[in-house]
Amino acid sequence: MLVPIVDMGDGTYKADYIGLKTLRGPDEVKTLELEITNSGYYPYRCDKAEMDELSASKDRVDNLFMTVMRDTLTKWVDRAETFLGQLGVTCYLTGGNDDYQQILDAIHDTSHVKNADNKVMKIDGTHEMVNLGWSNPTPWKCPRDHSEEELESATEKMVASVTDMQNCIFNIHVPPIECGLDTVAKLDDSVYPPKPVFDKGQAVMIGAGSTSIRKEIEKHQPLVQLCGHVHESRGTTRIGKTLIVNPGSDYPDGMLRGAIVNIGDKKILSFQLTLG
Ligand SMILES: [Fe+2]
């Protein structure tokens, strides 16, 4: 979501973010910009004339949104490169299903940040990583929701070039269906925004993971699958020999959830979910 912060020309700014707000001076603007950014949205400062132009043209809003998203992501990559370069650590980046492909395509590799989406990457002398940021169809109809057939075909295409599956990491955004790390409230998507479905006063819970990714895990049995997507279903489990890890997500509350997985030759040495 793009949140305009409109300069009213009299030293005040107006923004419609969790209610209509009047801000007095640059300090209040900066505070709100930080709050909006930390929630995963994009603040955008403009004057009244530009706001009127944007209000009159959906195309201009769409173009601006793409530019702001691309510039933000480019800034994060530069920041990560500066920080990780000092540590000698490499970051492998994929988008999620709600990211736009044209934004991700604009991200170029740096020495320590690699755009890994839809590629097999050799991450050390022993381990390869299959990377895919898509998901199966969601009620939100996101830009990178794909059919189960497309998910299977993209994964199979990458798997064909993996040389040692016992030392392979699947960095695949969507968890396998019914693995315990994909539990969500069922939504009725015949209305917009989709609404939770209740039965006798209780929210109906379902597994929202992917049938084809479950099939791929059962068939190939990689060392580990790193997934995300289902923010509220943090945890770890196993499907056969494969460890599945979903760190969950709480970014609107300013918390970064993660996982440390320590891998050896054909084995998991240790794993731990983190929060900070
Ligand atoms: Fe997702």
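The accessible surface of the protein chain comes to about 15,300 Å², and carbon and sulfur atoms account for 53% of that area. The model is predicted. Of the chain's 276 residues, 41% count as buried. Along the principal axes, the C-alpha trace spans about 65 × 55 × 35 Å. The secondary structure consists of six helices and 20 strands. Among contacts between residues at least 6 apart in sequence, 55% join residues at least 24 apart.

Asn97 sits in the loop between strand S5 (91-93) and helix H4 (101-105), whereas His229 sits in the loop between strand S16 (224-226) and strand S17 (235-239); the two are 132 residues apart, and the pair links distant parts of the chain. Both Asn97 and His229 are buried.

**Aromatic pairs**

The structure holds two aromatic pairs. Their geometry is listed here.

| Pair | Centre to centre | Angle between planes | Class |
|---|---|---|---|
| Tyr17 and Tyr41 | 6.2 Å | 75° | edge-to-face |
| Tyr42 and Phe65 | 5.9 Å | 75° | edge-to-face |

Tyr17 lies in the loop between strand S2 (12-16) and strand S3 (20-24), and Tyr41 in the loop between helix H1 (26-38) and strand S4 (42-47), so their pairing ties together parts that are 24 residues apart in sequence. Tyr17 has a relative accessible area of 5% and is buried.

Tyr42 is buried at a relative accessible area of 15%, and Phe65 counts as buried at 18%.

**Nonpolar cores**

The largest nonpolar core has 20 residues, and Leu132 and Phe170 have the most contacts inside it. At least two residues of this core come from each of strand S8 (128-132), helix H5 (148-159), strand S9 (168-172) and helix H6 (211-220). H5 gives the largest share, four residues. Leaving aside residues up to four places away in sequence, Leu132 touches Asp117, Asn118, Leu151, Ala154, Thr155, Met158, Asn171, Ile172 and His173. A second, separate core has 18 residues, among them Leu73, Val77, Leu93 and Leu104.

**Pro247**

Which loop holds Pro247? Pro247 lies between strand S18 (242-246) and strand S19 (257-264). With 17% relative accessibility, Pro247 counts as buried. Its contacts, not counting residues up to four places away in sequence, are Cys227, Arg234, Arg257, Gly258, Ala259 and Leu273. Pro247 and Thr236 are eleven residues apart in sequence, with a C-alpha to C-alpha distance of 8.1 Å.

Notes: Residues numbered from 1 in each chain as written. Predicted model: local features only at pLDDT ≥ 70, side-chain atom pairs only at ≥ 80, totals over all residues. Heavy atoms only, no water. Core = buried A, V, L, I, M, F, W, Y, C linked by side-chain atoms within 4.5 Å. Buried < 20%, exposed > 50% of the residue type's maximum accessible area, 1.4 Å probe, protein only. Contact = heavy atoms within 4.5 Å. Phe/Tyr/Trp six-rings, centres within 6.5 Å; stacked < 30°, edge-to-face > 60°. Areas by Shrake-Rupley, 256 points an atom, 1.4 Å probe, with all protein chains shown as cover.
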